[in-house]
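This briefing goes with the sequence and model shown below.

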Amino acid sequence: MQEVKEKKESAPCKPEDYELCGHFINAFQIIGKKWNGLIISSLCDTEDMRFKDLARCIEACSDRVLVERLKELEKDDIVRRSVDKDTGIISYGLTEKGVELKPVFNQVHNWADKWA
């Protein structure tokens with residue numbers, strides 16, 4: 001004889017009772033800011049990129065805004081800025097914290113390929 005388990009009915013979440021997790025909000029304030037997702041995604045594909053290469057990947061973003069976003073992402077410890085001692089060439093890459101976003105961005109790419 002098969003046992004039938006009683007299904008618990010849960011009340012739907014009411015909009016006035018709904019609250020997002022603070023960590024989720026903080027994460028989206030960083031990765032949801034215009035251009036940040038594209039910057040992080042571009043850096044996910046390479047070890048390091050020079051500014052001009054990043055600017056070429058994200059053509060619609062002005063250089064001024066790109067510099068501003070890179071500084072913000074550096075402050076948030078997602079992007080690291082390094083200067084070659086011999087040549088003085090500046091490049092950008094992901095920190096350990098930034099690298100942990102790679103699977104997230106891979107999933108976004110998969111979703112976009114299917115739906116966007």
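Which residue forms a salt bridge with Arg69, and how far apart are the closest N and O atoms? The partner is Glu68, and the closest N and O atoms of the pair are 2.8 Å apart. Salt bridges with shared partners join Arg69 and Glu68 with Lys33, Arg64 and Glu72 into one network. The model is predicted, and local features are taken up only where pLDDT is at least 70.

**Salt bridges**

- The count of salt bridges in the model comes to six.
- Side chains of opposite charge can pair when their charged atoms come close.
- Glu68 also forms a salt bridge with Arg64, with 3.6 Å between the closest N and O atoms.
- Both Glu68 and Arg64 lie in helix H4, and they are four residues apart, about one turn of the helix.
- Another pair is Arg56 and Asp53, whose closest N and O atoms are 3.1 Å apart.
- Arg56 and Asp53 both belong to helix H3 (residues 51-57), where three residues, about one turn of the helix, separate them.
- An α-helix has 3.6 residues a turn, so residues three or four places apart point the same way.

**Exposure of the charged residues**

- Arg69 has a relative accessible area of 10%, so Arg69 is buried, the cut-off being under 20%.
- Arg64 counts as exposed because its relative accessibility is 59%, over the 50% limit.
- Glu72 is partly exposed, with a relative accessible area of 23%.

- Lys33 sits in the loop between helix H1 (22-31) and helix H2 (36-44).
- Its relative accessible area is 34%, so Lys33 is partly exposed.
- Apart from neighbours within four places in sequence, Lys33 is in contact with Phe28, Arg69 and Glu72.
- Two of these contacts, Arg69 and Glu72, are also joined with Lys33 in the salt-bridge network.
- Lys33 and Ala55 are 22 residues apart in sequence, and their C-alpha atoms are 17 Å apart in space.
- Glu72 is placed in helix H4 (residues 63-75).
- Glu72 and Gly32 are 40 residues apart along the chain, with 13 Å between their C-alpha atoms.

**Nonpolar surface patch**

- Tyr18, Leu20, Phe24, Ile25 and Phe28 form a nonpolar patch on the surface.
- Together the patch residues have about 500 Å² of accessible area.
- One of them, Phe24, is in helix H1.
- Phe24 counts as partly exposed because its relative accessibility is 43%.
- Phe28, another member of the patch, is among the contacts of Lys33.

**Largest pocket**

- What is the volume of the largest pocket? The volume is about 170 Å³.
- The lining is made up of Ala27, Ile30, Ile31, Ile78, Lys97, Glu100, Leu101 and Val104.
- H1 provides the largest share of this lining, three residues.

**Helix H2**

- How many of the nine residues of H2 are buried? Eight are buried, and H2 is mostly covered.
- The buried residues of H2 are Asn36, Gly37, Ile39, Ile40, Ser41, Ser42, Leu43 and Cys44.

- Ser91 lies in strand E3 (residues 90-94).
- Is Ser91 buried or exposed? Ser91 is buried because its relative accessible area is 14%, under the 20% cut-off.
- Not counting residues up to four places away in sequence, Ser91 touches Asp48, Met49, Arg50, Arg80, Arg81 and Ser82.
- Asn110 is in helix H6 (residues 102-115).
- With a relative accessible area of 45%, Asn110 is partly exposed.
- Asn110 and Ser91 are 19 residues apart along the chain, and their C-alpha atoms are separated by 28 Å.

Technical notes
Residues numbered from 1 in each chain as written. Predicted model: local features only at pLDDT ≥ 70, side-chain atom pairs only at ≥ 80, totals over all residues. Heavy atoms only, no water. Helix = DSSP H or I, 4+ residues; strand = E, 2+ residues; numbered from the N terminus. Buried < 20%, exposed > 50% of the residue type's maximum accessible area, 1.4 Å probe, protein only. Contact = heavy atoms within 4.5 Å. Patch = residues over 30% accessible without salt bridge, like charges linked within 9 Å, V, L, I, M, F, W, Y side chains within 5 Å. Areas by Shrake-Rupley, 256 points an atom, 1.4 Å probe, with all protein chains shown as cover. Salt bridge = Lys/Arg side-chain N within 4 Å of Asp/Glu carboxyl O. 1 Å grid on protein atoms, 1.4 Å probe; cavity = no way out; pocket = protein on both sides within 12 Å on 5 of 7 lines; lining within 4 Å. Points joined across faces, edges and corners; volume = space filled by probe spheres on them.
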